[in-house]
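Here are some notes to read beside the model.

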Amino acid sequence: MTPLEEAARAAQHAPSVFNTQPWSWRLTGNALELYADPSRQLTTADRDGRLLLISCGAALHHARTALNAAGWSATVERMPDPAKTQLLARIRLLHPVPPDPEAQRMAAAIYHRHTDRRSFGDREVTEFELTKLRRFVEFEGAYLHVVRPDQIAQLAISAELAAGAEIDDPDYRAELYRWTHRPSFTGDGVPPATAVKSELRRVPIRDFAPDETAGLDAGGAHDQGAAYVVVFGTGDQPVDLLRGGEALSALLLLATADGLATAPLSDAVEVEWPQHLLRGLLAGIGEPYIAVRLGYLPVGQDPAPLAPRRDPRDVITIIE
Ligand SMILES: Cc1cc2nc3c(=O)[nH]c(=O)nc-3n(C[C@H](O)[C@H](O)[C@H](O)COP(=O)(O)O)c2cc1C
């Protein structure tokens, strides 16, 4: 297998909204192209396609990380052809370089990073760790806001309001049902085995199983030591959102490599008023892309089950 095909395969493990995996890859010679797949866009929760672009950005960063870890230098052009709006990025393989040890640690995390919706324990995420995460996010061209203790209530209200507005909408309920009841051959969607039973939480999480089929208990840990962060940027053009997704991936992979459990939270950016509240947390200086809960699982807890992935043969087209 060529390094570019390996990179596209590694990118299959990237996180995506509702596990829609809204991307495809075309591999020709020494170029790998990333395309958005609009047929996989959530038409209610993600009307503007922002979360689709963030998900594709995460896949792009996974591919870049796999290449760096394997010892290849590459160039990346984002939105290289204005006439092809679905063409999000083109990676060109250059030449072998000494493998980057930090990228190797991050690349190893690709295979065990997953979203854990259970509550995290009392052990706090240190300032040192948060500073390191911020550096990685900034390296990808985005910013990281660590939600202060006095702002947690506003984040919680924002998530609560968004969840309420969405669940009252029959179109959202239909969309949620569709992506949580996928036949196993599709290799996508959020299976109830990875959902958590509804319980009072410090900041509410998305209820993926309102029909009470969730396979996991939240656990008694209450998220007391969890940190809540917001990945944000200064623009909301497609290229900004793509880079926001790359930053999200950098955050999640580094956090996983450092032993943290992670869970993205996007309902608050999906509904107008909660999104406005979230912007308020950033003192009006940026455009919130996504929030993430970070923390440590209570000692001895098994990892949560992994979500499925599509068959790479359905996602990667190799043009000889
Ligand atoms: C843009 C984006 C938005 C997401 N929003 C949420 C969310 O609101 N709640 C949640 O529990 N998970 C959220 N996730 C996590 C996805 O549900 C998860 O990545 C997907 O189901 C695949 O599972 P995995 O992360 O365990 O591999 C989001 C992920 C991305 C990339």
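1. Rings of Phe, Tyr and Trp (its six-membered ring) pair if their centres lie within 6.5 Å; planes under 30 degrees apart count as stacked, over 60 as edge-to-face and the rest as tilted. By this rule there are 3 aromatic pairs. Phe18, Tyr172 and Phe208 form one aromatic cluster.

2. The model is a predicted one, in which local features need pLDDT of at least 70, side-chain atom pairs count only at pLDDT 80 or more, and totals for chains, interfaces and linings use all residues. Residues are numbered from 1 along each chain as its sequence is written, and side-chain values use heavy atoms, with hydrogens and water left out.

3. How far apart are the ring centres of Phe18 and Tyr172? They are 6.5 Å apart with planes at 70°, so the pair is edge-to-face. Phe18 is in the loop between α1 (3-11) and β1 (23-28), and Tyr172 is in helix α6 (residues 170-180), so the pair links parts of the chain 154 residues apart. Helices (H or I, at least four residues) and strands (E, at least two) are DSSP runs, numbered from the N terminus.

4. The rings of Phe18 and Phe208 have centres 5.5 Å apart and planes at 70°, so this pair is edge-to-face too. It links distant parts of the chain, with Phe208 in the loop between α6 and β6 (227-233), 190 residues from Phe18.

5. Are these residues buried or exposed? Buried means under 20% relative accessible area, exposed over 50%, and partly exposed in between (1.4 Å probe, protein chains only). Phe18, at 3% relative accessibility, counts as buried, and Phe208 does at 9%. Tyr172 is buried as well.

6. A charge sits over a ring if NZ of Lys or CZ of Arg is within 6 Å of the ring centre and within 35 degrees of the ring normal. The charged end of Arg182 sits over the ring of Trp179, 4.2 Å from its centre. That of Arg293 sits over the ring of Phe120, 3.9 Å from its centre.

7. An open sheet has 5 strands in the order β3-β4-β2-β1-β9, with mixed pairing; two strands pair if DSSP finds at least two bridges between them. β3 (72-78) and β9 (316-319) stand at the edges, each with a single partner strand, so one side of each has no neighbour in the sheet. Strands β1 and β2 (residues 31-36) run antiparallel and are joined by 6 bridges. Trp23 stands opposite Ala36 in β2.
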